[in-house]
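Me: I have just opened this structure and would like a short tour. Could you take me through it?
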Amino acid sequence: MSGVMKRMGMIFRAKANKALDRAEDPRETLDYSYQKQLELLQKVRRGVADVATSRKRLELQLNQLQSQSSKLEEQGRKALALGREDLAREALSRRAALQQQVTDLETQHTTLQGEEEKLTLAAQRLQAKVDAFRTKKETIKATYTAAQAQTRIGEAFSGISEEMGDVGLAIQRAEDKTAQLQARAGAIDELLASGALDDPSGMAKDDIQAELDRLSGGTDVELELQRMKAELAGGAPQQAIEGGTGRTQSQQQPQDTPRFDKQ
């Protein structure tokens, strides 16, 4: 069971990897990487600004402490001049405490200044890398786009692309159907001409009967024309027109009846 599960997991990972590979666009990946580098550069710059702010705050505190130390030193001199050695001693004690704070702040200031210099240098180097990556990114994107366009054009010309393949199949199917219909139409014409196919309506005629019908049709027209001419002339229609040539001229006119003279 464990072997089956491992195999299923491997198949799933393989198919997922293939699907991700088809969905991945190198241009989008490059843009995403560039965006992440810009975000990192922004964080470094904010770090430099924070360190510089802390350094500036220490410098202000140092200036204040140094100002207080100078003031206490001046107060000690005045007290000693006035014969107040106790006041001079108190002023110098306070000054000594301030000097310890100044020393600690100066140490922190030196440390912050070093960190600021390091972060500034790192930000400059990172900025140079980001600029170089941006140039390389645009070059790769342009090259990829050109190669992709060239590949699509080549596939279109060769007919191996998916779209052109569908068009080619459609054209091939249309040509095959056209050729099939043409062959069927030609076969039907040949069968009709040979009389192999009978007309189910019973209206079909062979070639001999068709020729006889054509000739008799022309004769009927001529006979009808002659009959109409005779009627217009006022004469009786000829029997040749009415019934053909079976009757003689004697049959067309009535015979003279014998006359008997009265005595």
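Reply: A definition comes first: two residues are in contact when heavy atoms of theirs lie within 4.5 Å. Please also note that this is a predicted model. Of the contacts in the chain with a separation of 6 or more, 70% are between residues 24 or more positions apart.

Me: How many helices and strands does the chain have?
Reply: The chain contains 7 helices and 0 strands. Read from the N terminus, the order of elements is therefore α-α-α-α-α-α-α.

Me: What share of the residues is buried?
Reply: Of the 263 residues, 13% count as buried. The accessible surface of the chain is about 21,700 Å², and carbon and sulfur atoms account for 55% of that surface.

Me: Which residues make up the largest nonpolar core?
Reply: That core has 7 residues: Leu58, Leu62, Leu65, Leu72, Leu98, Val102 and Leu105. Helices α2 and α3 each contribute at least two of the core residues, and α2 gives the most, with 4 residues. In soluble globular proteins, nonpolar side chains tend to be buried together.

Me: What does Leu62 touch?
Reply: Leaving aside residues up to four places away in sequence, Leu62 touches Val102, Leu105, Glu106 and His109. There is also a second, separate core of 6 residues, among them Tyr34, Leu41, Ala123 and Val130.

Me: Changing topic, how many aromatic pairs are there?
Reply: The count is 1 aromatic pair. Its members are Tyr34 and Phe133, which are stacked, with 6.5 Å from centre to centre and 15 degrees between the planes. The arrangement counts as stacked because the planes are under 30 degrees apart.

Me: Where do Tyr34 and Phe133 lie?
Reply: Tyr34 is in helix α2 (residues 26-81) and Phe133 is in helix α3 (residues 85-158), so the pair ties together parts that are 99 residues apart in sequence.

Me: Is Tyr34 buried or exposed?
Reply: Tyr34 is buried, because its relative accessible area is 15% and buried means under 20%.

Me: And which residue lies over the face of Tyr34?
Reply: Lys137 does, at 5.0 Å from the ring centre. Lys137 belongs to helix α3 and is buried, with a relative accessible area of 5%.

Me: What else does Lys137 touch?
Reply: Not counting residues up to four places away in sequence, Lys137 touches Leu30, Asp31 and Tyr34.

Definitions and conventions. Residues numbered from 1 in each chain as written. Predicted model: local features only at pLDDT ≥ 70, side-chain atom pairs only at ≥ 80, totals over all residues. Heavy atoms only, no water. Phe/Tyr/Trp six-rings, centres within 6.5 Å; stacked < 30°, edge-to-face > 60°. Buried < 20%, exposed > 50% of the residue type's maximum accessible area, 1.4 Å probe, protein only. Lys NZ or Arg CZ within 6 Å of the ring centre and 35° of its normal. Areas by Shrake-Rupley, 256 points an atom, 1.4 Å probe, with all protein chains shown as cover. Core = buried A, V, L, I, M, F, W, Y, C linked by side-chain atoms within 4.5 Å.
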